[in-house]
Amino acid sequence: MPLTKQALPLEAEPSAVADARRWVVAVCRELERHDLVECAELGVSELVTNAVLHGEPPLWVRVRGTREHPRIEVADASLQQPEPPQPALFEEDSEEGFLATFGRGLSIVAMSSVTWGASMEPDGKVVWFEPAAEMHEDAFREGVIDVRTDEPDWSPPADAIEIQLLGVDLKLFMGTQNQYSDLRRELRLLALAHEADYPLARDLSSMFVTYERQFPPSAELQVAQHARRGETRVDLTFQSPPEAATIFATMLEMFDLADAFCRAQRLLSTARTPAQREFQVWFLGEFIRQIAGEEPTPWSSRPRSAGHRVS
């Protein structure tokens, strides 16, 4: 069974706690990290309980990170940022302490983990922890709260070249973007939590920010609007700076490298499917080709190739 498995959907009801616990224990054993089972089981129980009581559906649990630093994640659709527990709330005569069930849950997560945190996403939040080999007493360790503030600023450059993407497959576009977003977040969290251990994650995260600045922020919104109208194919037009060709050629290599890490399970994330890779090669290849002065090639007319060289 591959370790880069999809998330486990959870029902917003008490039985979700046991379901998540069994699933996470099985994954730890598949990773041959039997030393993490006890803390993984305890931490995920607290996170799922919090999600059921205080979050909003849909809920899911998954394991990401690496074999050395596996990360257990629990997601829900609530946009409320988790608040780390404060020592004052745990005093026996504190009324707030009696009611602070969410804070108490996070304190147990903190004591069960090497590090913990939350990633705030447009559609909700993901609270995560890396299980420790044994419990410790630091219940108030500060978490790594990741709120994206590096949304790219974008305006058409004076020397922009018009790029026409003809017959874009919307389902493939959105699936490829979802995979990219997952990979970007994965590398960003590795860089935040373990920068010294994964310098490549830090470098790739910086490259991804540069890559995203080549696109107008409205591009994904426009695609989503076409999809909501039931369209399956659409023509898109971008204004692209000439230097984007070099950036996109480099990113094609980086995406292949990331896929190799995922397949070798050095990253517990999912690689692109063959169809997603082919689409991304065509998509970015069209920028490279048209910046070089070539005519657009529709998605349906692309040459089939095992490689990603573009002429």
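A residue is called buried when its relative accessible area is under 20%, exposed when it is over 50%, and partly exposed in between (1.4 Å probe, protein chains only). By this criterion, buried residues make up 50% of the 311 residues in the chain. The model is a predicted one, in which local features need pLDDT of at least 70 and side-chain atom pairs count only at pLDDT 80 or more, whereas totals for chains, interfaces and linings use all residues. Residues are numbered from 1 along each chain as its sequence is written, and side-chain values use heavy atoms, with hydrogens and water left out.

The chain contains nine helices and eight strands; these are DSSP runs numbered from the N terminus, helices being H or I of at least four residues and strands E of at least two. A contact denotes heavy atoms within 4.5 Å. Among the contacts in the chain with a separation of 6 or more, 73% are between residues 24 or more positions apart.

Six of its seven residues are buried, so strand 2 is largely enclosed by the rest of the structure. Two strands are taken to pair if DSSP finds at least two bridges between them. Strand 1 (residues 8-10) pairs with strand 2 in the antiparallel sense over three bridges, and L8 has V61 as its bridge partner in strand 2. Strand 3 (residues 70-76) also runs antiparallel to strand 2, joined to it by six bridges. A hairpin of four residues connects strand 2 to strand 3, and G65 stands opposite P70 in strand 3.

The nonpolar interior may be considered next. A nonpolar core is a set of buried Ala, Val, Leu, Ile, Met, Phe, Trp, Tyr and Cys residues joined through side-chain atoms within 4.5 Å. The largest such core has 44 residues, and L165, F238, F248 and F283 have the most contacts inside it. Helix 8 (244-263) is among the elements that each supply at least two residues of this core, as are strand 7 (161-169) and strand 8 (233-240). The largest share, 11 residues, comes from helix 8. Not counting residues up to four places away in sequence, L165 touches V234, D235, L236, F238, W282, F283, E286 and F287. A second, separate core of 29 residues includes A20, V37, V44 and A118.

Charged side chains supply further links. A salt bridge is a side-chain nitrogen of Lys or Arg within 4 Å of a carboxyl oxygen of Asp or Glu, and the structure holds 20 of them. One of these joins E186 and R71 (2.5 Å, N to O). Because E186 lies in helix 5 and R71 in strand 3, the pair ties together parts that are 115 residues apart in sequence. Both E186 and R71 are buried. In another salt bridge, the closest N and O atoms of D256 and R277 are 3.0 Å apart. D256 belongs to helix 8 and R277 to helix 9, so this pair ties together parts 21 residues apart in sequence. D256 counts as partly exposed, at 22% relative accessibility. R289 forms a salt bridge with E294, with the closest N and O atoms 3.1 Å apart; R289 is buried at 13% relative accessibility, while E294 is partly exposed at 29%. Salt bridges that share partners also join R62, R64, R71, E73, E121, D182, R185 and E186 into one network.
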